[in-house]
Amino acid sequence: MAQRTVLSLLALLPLVGCDGRPAVSPDGTPGADLDVPGLVASDTNLPAADETRSSLAPPPGAPTYVLFEAGPVRPVAVSTDGSRLLVTNIPDDRLEVFDVGAGGTLTHVRSIEVGQRPVAVAFHTDGEAWVVNHLSDSVSVVDVDRGAVTRTLLVGDEPRDLVFAGGRAFVTTAHRGQQRSHPSLNGVPGAGDPQLTTAGVDRADVWVFDADDTGGGLGGVPERIVTLFGDTPRALTATPDGSAVYAAIFQSGNRTAVVPEGMVCNGFGTSTCNGDGITSPGGLSNGRLPGGLPGPSTNHEGAPAPETGLIVQQDIATGQWRDTLARNWSNGVRFNLPDLDVFRIDTTSLAVTDEIAHVGTTIFGLAVNPVTGRVYASNTEAGNLTRFEGPGVAGGSTVQGDLARSRITVIDPTTGSVQPRALNTHIDYALRPAPPGIKDASLATPLQMVVSSDGTTVYVAAYGSGLVGVLPTADLEAGTLDPLADAPGYIPVTGGGPGGLALDEAHGRLFVYTRFDDGVSVVDTTTGAEVDHRTLYSPEPASVVDGRPVLYDAHRTSSNGEASCASCHIFGDDDQLAWDLGDPDGNVTTNPATILLEVFGFGFGGLNGDGTTRTVHPMKGPMTTQSLRGLSTSGAMHWRGDRSVGFYGTNATDETLSFRNFVVAFGGLVGDDRPVGDPEVASDIDALTAFALQLSYPPNPVRALDNSLTLAQQRGHDLYLGPRRMDGLASGNGLGFTCEGCHRLDASQGFYGTGTSSSFENEAQILKVPHLRNLYTKVGMFGSPDTGFVVGGNNGHTGDQIRGTGMSHDGSIDTVHRFLMATVFNGGGGVGFNNDTERLDMEQFLLAFDSDLAPAVGQQVTVRPDNLSAVGNRVVTLLTAAGAPFTSAVLGGTTTMCDLVVRVPRGGRQVGFLFDPASGMLTSDSASIPPISPLQVRWYVLRYGVPATFTCVPPGSGVRMALDRDLDGVYDGDELAAGTDPADPTSH
């Protein structure tokens, strides 16, 4: 076994053909599909195929499917002649190919394995398609006719969309990821260090490739990475003449930020007070602050509310930061938010020629009207400036049923006009619950749009409504949409969750991807009738399929049909905003959790409102939206852990009970008109709980693919796990904790910064100790005042930034580094940080923090005859990861970093192989192909000119993804040879 492992690694060294020329098949065609001895093992000592297969069953306790909730972006594409349809099978990591019949019926042709979580597809030519793989940080270039990936382009973190224009391909990604700083991109404009700790940096990337010459090397070489002054981008669209591409920031925000609690005057009055002595641009003179919290000062029971921060919004006209009372809080915020949302890129020069602001809070889709030239941006506008959930009686305001309004914003590139158009003007948000019938005309969560060639109609996939909206563009541009009149023309689709559209006007067809059932519908655009619907094969368990609609379906969970849990928890994650969702009509409860350093909280004035440690007041102040990912091992939920107490009982460590206690949010927040005790509501919250507790974080894109740490990260890691007390006082009689003693890091229990405890940290409320897995996503806010809780550093105004929220529970602390300057981490006398270098090291480690999945998961590379030398080290990394020990509670405990899948084109499909680290061999999905070594794969690539794609997948998923798609015990190649389809149970 050891000899084979060494052989497999040696096989990755550059090989030279005997004649030094590109290999061709016997018929002279480079890369033809062949039945060749290169895929037949010649070593008679190799184990028999059946022996190896029995040892490669999914390990006990490991999930065979890991739920990464990737939102669809451009999931369907139709060929120019309308005869072929491509659909990204998001959960099954495949591109599905259909022939379209004369009547619009679909015939499945083949499934093509691509990268993980494919969310967008576009034809480059009628025979070639490009697929964007959200989890794999890659783009698969696919030969549709041969059913094979011909090359894999490696891009930045979490790519989302793709368009072709001007002979180039444009791909949106986050401004991070291992590939953007890879040496193979040295010299590429825009590539390099993402500068996660530098203020004022563009943090939205658009990778631009020559569509006909993507470059060699490890994973292609872009011509440029165009950087934009915004956070992560999502949607793209091109002008009809291909001269320009528009890119939209995904969670671009709405110019809101949080004034820290230490900068809000004490009490609930209007008397001004001193700040930290710094006057920001437009602020009150001498650094003054305009008063206390707006009130009420108690809940309906008369219990005093705690002191908290305050959400404010930057006024477009004056640049001042104002609250709901129009008070000027500019001295409490130390940056500007230009709120740049949509960018125009010239496809010739690749220069950004326009920056368009104030389009929407969360932008899902873009489309250009081919006649008027106006750009449409589907989006939602968050109402987080409004305070409180619940009925709004004691507080005087509520966001109940009015969380994020669905819109399409019309942009006129000629005049610069930006006109948001509400899609649901028929809703009277003051009427709660909404009258019967209102929800039937509502369009929730508008995603992809397509516009008719005559410019008169825009179709919009309303993900949260089960409908495709059909809107007259004249009314949209004029602001005269009439939902009640237009609703009869909306198109309901089988399956639910319409997430993408493709229009074939020549044949009068609209193709709709439906995420809830992982299907595709064909709609007659003349009649609006659905003429065919096909459900794709999905490996998702029933609990995932059943629970997903409860998260998104606004018609199911709100009386007005617009609000849903996903209004804030976008695609199961967060919205990068802070909300004040306290409820003055709610009651005080008691915290049952263990409270670290509780003794220091005794007598702390105003703690939790009444000065006691165990009080949980219903008025909590601003809190940033938390992700639904990674909850299954994290104990009680919410920043304060307050869902440990609720409708279904009390328990500080039970994740299922804590999530079920969110049932009150259906009515109190989303606006459901069903009572909490309704059996349907109970069924819904149980389904949502089962779904949400399976949501997983992606691998950390800051950490090296081999899971190693940089020198700075390692020093931070050693300090984090070291014996020094980092929290407490030198005079505190030894009370206090190491970093890990409070922020637990124990992968075997699923603790990544949190356990189940709360802690007193000199703040106005007791907070649960939070996890630390997603800090890298919160980068982009720079500038904070001196609040007394965090002391030191530059507190001056920093100018334009891209985000209004940062670290801590309310997002008011700008960077990890500044958070580490908190007084509680600098107790002196050997407690806390000794110097700033230690803080900077700790920041580097926290940005690269451990997570449930190793960094290699999702990563892939395609080996080709022209890149054998360039990819050798990467394949070694992936092979090594497949055998490297790794611990993860959600993966069943002790496992490896990944399972390694290899795909090689043969006989009109991609043969699947699974690497066995113990033997160093690859087991195939067909009895006709005995185990082979990586050396033989490379020989095959070199000799016959065909590609081989190596992909690291989650441990436990390898058998399903490489060998046995439906896990029925019969391998895929054998099923196909027998005339059955592993993706079609009816064919068995």
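The model is predicted, so to speak of local features a pLDDT of at least 70 is needed, side-chain atom pairs count only at pLDDT 80 or more, and totals for chains, interfaces and linings use all residues. Residues are numbered from 1 along each chain as its sequence is written, and side-chain values use heavy atoms, leaving out hydrogens and water.

Let's start with the sheet. Strands of a sheet pair through backbone hydrogen bonds, either parallel or antiparallel. Here, four strands make an open sheet in the order 26-27-28-29, with antiparallel pairing. Strands are DSSP runs (E, at least two residues) numbered from the N terminus, and two of them pair if DSSP finds at least two bridges between them. At the edges, strand 26 (446-451) and strand 29 (491-492) each pair on one side only. Strand 27 (residues 457-462) and strand 28 (residues 467-472) are joined by six bridges, and Val458 stands opposite Leu471 in strand 28.

Next, look at what lines the largest pocket. By class, its lining has 21 nonpolar, eight polar and three charged residues; Ala, Val, Leu, Ile, Met, Phe, Trp, Tyr, Cys and Pro count as nonpolar, Asp, Glu, Lys and Arg as charged, and the others, Gly among them, as polar. Strand 5 gives the most to this lining, with five residues.

Finally, find Arg94 in strand 3 (residues 94-100). Is Arg94 buried or exposed? Its relative accessibility is 4%, so Arg94 counts as buried (under 20% relative accessible area, where exposed is over 50% and partly exposed in between, with a 1.4 Å probe and protein chains only).
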